[in-house]
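Dear colleague,

Please find the structure below, together with its sequence. My notes on the packing follow it.

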Amino acid sequence: MTFHFLLLVVRSVHIGHWFCNDCYGTYLVMQITDGASDAIRCAHFRCPFIVDPVTVVSLVSREIYRKFVTFAAQRYIETDNSLFRCRGTRCASIIHLRHHTKDVACPCSHISCSQCGYGSAGTQSLGLVSC
């Protein structure tokens, strides 16, 4: 019975570092609020291990977890060269680039350059944008 209560109050991060759930939850909220998403490190001094999403979801509110997931998705999109975010007005589409192409056409009708993200090859030939 005492051991079960202890598990509700403290948590061992997957590598054996023990923290109070409230303290670790606060640490995670601060990290997520500051924009950390895909690489929140263990709170133990100089520990290189990344906190897993299961630990995050168990210690933070739904709202904070949504931020965590949103930041992680944005980071993934920014670092994956096969994905392109449309820069059209009020468009949040993500386009998968199947082959390397200069112009990217979005379903919203906005056309962008896949290299610089602005304009299209047509507007570049007018000297408006150069990449």
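Which residues touch the most other members of the largest nonpolar core? They are Tyr-24, Leu-28, Ile-32, Ile-40, Val-51 and Val-56, in a core of 14 residues. A nonpolar core here is a set of buried Ala, Val, Leu, Ile, Met, Phe, Trp, Tyr and Cys residues joined through side-chain atoms within 4.5 Å. Buried means under 20% relative accessible area, exposed over 50%, and partly exposed in between, with a 1.4 Å probe and protein chains only.

Please note that this is a predicted model, in which local features need pLDDT of at least 70 and side-chain atom pairs count only at pLDDT 80 or more, while totals for chains, interfaces and linings use all residues. Residues are numbered from 1 along each chain as its sequence is written, and side-chain values use heavy atoms, with hydrogens and water left out.

Helices (H or I, at least four residues) and strands (E, at least two) are DSSP runs, numbered from the N terminus. A second, separate core has seven residues, among them Ile-95, Leu-97, Val-104 and Cys-106.

H2 and H4 pack with their axes 10 Å apart and at an angle of about 45 degrees, which makes H2 oblique to H4. Axes are lines fitted to C-alpha atoms, for helices over the stretch in contact, and angles run from 0 to 180 degrees between N-to-C directions. Angles under 35 degrees count as roughly parallel, over 145 as roughly antiparallel, 65 to 115 as roughly perpendicular and the rest as oblique. Val-29, Ile-32 and Thr-33 of H2 make the contact with Ile-64, Lys-67, Phe-68 and Phe-71 of H4, contact meaning heavy atoms within 4.5 Å. Leaving aside neighbours within four places in sequence, Ile-32 also contacts Ile-40 and Val-56.

Within H2, Tyr-24 and Tyr-27 lie three residues apart, about one turn of the helix. Both are buried: Tyr-24 has a relative accessible area of 1%, and Tyr-27 one of 19%. Their rings form a tilted aromatic pair, 5.5 Å centre to centre with 35 degrees between the planes. Rings of Phe, Tyr and Trp (its six-membered ring) pair if their centres lie within 6.5 Å; planes under 30 degrees apart count as stacked, over 60 as edge-to-face and the rest as tilted. Ring pairs also bring Phe-19 into a cluster with these two tyrosines.

Yours sincerely
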